[in-house]
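Work through the following exercises with the model open. Each task is followed by a solution in steps.

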Amino acid sequence: MTAYENASADNDSARTCIVRVCRDCCCGTERKHPGVDHDGLLARLEVGTRGSARVLRSACLLACDESNVVVVTPSVAGRLAGGRPVWVRAVLDDETVDAVTGWVALGGPGVADVPAPLAQQVFAPSGLSLTWTAV
């Protein structure tokens, strides 16, 4: 039995997504994206997803050409409904962060469709780093 099969649909954690924010070699740096308030966007993402997601700061996700990258991993309920991780590029402004947080509040992958403002920013990853630190 997998963790997904073992989770209760009535459990709050069954409805909690994971949002990984790439913050390592170039994503989230002034050097690559001058003038962007990276810390402010991360705080906005964390506050906006409170109760709907865990936000994790990830080491390099190997998608540097797409930065700033956010990966929204479905909740248990979303995964059971067929949802898979969704990779979003160019998360560089309040509007994009708000689109991510609004989508996660609706349930995220597998539960709610990717909102129109994010549709053009979704991409297929080439690799994934599995190391991260909590924000």
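**Exercise 1.** Is C26 buried or exposed?

Solution. The model is predicted: local features need pLDDT of at least 70, side-chain atom pairs count only at pLDDT 80 or more, and totals for chains, interfaces and linings use all residues. Residues are numbered from 1 along each chain as its sequence is written, and side-chain values use heavy atoms, with hydrogens and water left out.

Step 1: take the classes, where buried means under 20% relative accessible area, exposed over 50% and partly exposed in between (1.4 Å probe, protein chains only). Step 2: C26 has 7% relative accessibility, so C26 counts as buried.

**Exercise 2.** Determine how many disulfides there are.

Solution. Step 1: a disulfide is a pair of cysteine sulfur atoms within 2.5 Å. Step 2: the count by this rule is 0 disulfides. Step 3: for C26, the nearest cysteine sulfur belongs to C64 and is 3.6 Å away, and C26 is in no disulfide.

**Exercise 3.** Find which residues of helix α2 are buried, and what they pack against.

Solution. Step 1: helices (H or I, at least four residues) and strands (E, at least two) are DSSP runs, numbered from the N terminus. Step 2: in α2 (residues 38-48), the buried residues are H38, L41, L42 and L45. Step 3: viewed down the axis of α2, these residues fall within an arc of 100 degrees (taken from the directions from the helix axis to the C-beta atoms), so they line one face of the helix. Step 4: D39 and V47, on the other side of α2, are exposed. Step 5: with contact meaning heavy atoms within 4.5 Å, the buried residues of α2 pack against β1 (17-22), β2 (53-58) and α4 (94-105).

**Exercise 4.** List the salt bridges and identify the network.

Solution. Step 1: a salt bridge is a side-chain nitrogen of Lys or Arg within 4 Å of a carboxyl oxygen of Asp or Glu. Step 2: the structure holds 3 salt bridges. Step 3: R44 and D94 meet at 3.7 Å, N to O; this pair joins helix α2 to helix α4, 50 residues apart. Step 4: D98 and R44 meet at 2.7 Å, N to O, and this pair is 54 residues apart. Step 5: E66 and R89 meet at 2.5 Å, N to O; E66 is in the loop between β2 and β3 (70-73), and R89 in the loop between β4 (86-88) and α4. Step 6: salt bridges link R44, D94 and D98 in a network.
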